[in-house]
Amino acid sequence: PVSNQYENILVDQPKPGVGKITLNRPRALNALSSALFQELNDALQKLDNDDSTGAIVLTGSEKAFAAGADIKEMKDLTFSKAYNTNFIASWSSTIPNIRKPIIAAVNGHALGGGCELALMTDIIYCSSSATFGQPEIKLGIIPGAGGSQRLIAAIGKSRAMELILTGKNFSGTEAAQWGVAARVFYSAEECVQGAVNTAEKIAGMSKVAMRAAKEVVNKSQEVGLRDGLDYERKVFHGLFGSKDQKIGMSAFAEKKKPEWSNE
Ligand code: CO8
């Protein structure tokens, strides 16, 4: 397990196989600062490399998942500084390379970069009172970490265009209806618990099959259908070279619970 050595996040293991990261900057509603993102990316990479972790839950507080990038940190940023330092590129390049599933449990505000952070994860759970949105236009900017790309894939162009051009929020209930969130819960506590339970279930699968499943699903977001189907079939064929395919299918035939080798 990963130790808790951070100032802006908390890391714990609520159940065997489940790594949980809680964004913890309560005074700024978990606004995403450079320091917070460095810690988040470091913890994610450590959990990704930790053999005792099978899946990761990412959450915030009941009040805020994250109220966006830190506006006070960005206020005086200039174009040349943003361009020369490739501002936020390093924030958003780590998560897509994490190979273990990440489930976001979203309660409270998930605005701007907070909404984009949730969209970078693999599965979103939320409470009905969560507020999602891309309010950047109200600050004179636009979404900068996938809000104009990943949100379209989730809810379609017309709805996304309306949200991005007006900056209006959408609720957790709407997020579930529109397919942004996989499940909606009544309370924040149930939402986090639901995410932990799903992470525990995923952590009980073969890690080889789990990694392959995440990889092929994500490929579908990047390539056309024909290439995606070819890729899926190649990875599917490859799994017949794994020990866990033999273990899983023999266990089924013998009516036993599989004991995965993760090989
Ligand atoms: N940045 C910095 N501080 C913030 C932020 C933020 N995004 N959001 C809230 N805070 C601070 C407030 O300034 C306040 O601090 P203080 O007590 O020192 O005044 C404290 O948190 C509490 O906030 P409020 O008093 O405003 O709380 P309310 O409950 O009244 O309102 C809201 C909550 C509606 C969430 C409100 O705080 C708000 O509108 N926040 C800003 C939301 C926003 O515009 N977010 C988008 C930011 S731009 C962005 O994210 C660009 C994306 C870049 C990519 C990121 C990579 C993943």
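Biologist: What is the bridge partner of serine 127 in β10?

Modeller: The partner is phenylalanine 185. This is a predicted model, in which local features need pLDDT of at least 70 and side-chain atom pairs count only at pLDDT 80 or more, while totals for chains, interfaces and linings use all residues. Residues are numbered from 1 along each chain as its sequence is written.

Biologist: How do you know that β7 and β10 pair?

Modeller: Two strands pair if DSSP finds at least two bridges between them, and strand β7 (residues 123–127) joins β10 over 3 bridges in the parallel sense, so the two count as paired. Strands here are DSSP runs of E with at least two residues, helices are runs of H or I with at least four, and both are numbered from the N terminus.

Biologist: What makes β1 and β10 edge strands?

Modeller: They belong to an open sheet of 6 strands with mixed pairing, in the order β1-β2-β3-β5-β7-β10. Both β1 (9–15) and β10 (183–185) pair on one side only, and the twist averages 25° from one strand to the next.

Biologist: Why are α10 and α11 called roughly antiparallel?

Modeller: Helix α10 (residues 207–219) packs with helix α11 (residues 225–239) at an angle of about 170°, and their axes are 9 Å apart. Axes are lines fitted to C-alpha atoms, for helices over the stretch in contact, and angles run from 0 to 180 degrees between N-to-C directions. Angles over 145 degrees count as roughly antiparallel (under 35 is roughly parallel, 65 to 115 roughly perpendicular, the rest oblique), and the two helices are therefore roughly antiparallel to each other.

Biologist: Which residues in α10 and α11 meet?

Modeller: Among them are Val208, Ala212 and Val216 in α10, and Tyr231, Val235 and Leu239 in α11, where contact means C-beta atoms, placed from the backbone, within 7 Å. The residues of this contact divide into 7 nonpolar, 1 polar and 3 charged, with Ala, Val, Leu, Ile, Met, Phe, Trp, Tyr, Cys and Pro as nonpolar, Asp, Glu, Lys and Arg as charged, and the others, Gly among them, as polar.

Biologist: How many residues surround the ligand, and which are the closest?

Modeller: The ligand is surrounded by 24 residues, the closest being Ala31, Ala67, Gly68, Gly112 and Gly113; a residue counts as near if its C-beta atom, placed from the backbone, lies within 6 Å. The shell divides into 14 nonpolar, 6 polar and 4 charged residues, and α5 gives the most to it, with 3 residues.

Definitions and conventions:
Contact = placed C-beta atoms within 7 Å.
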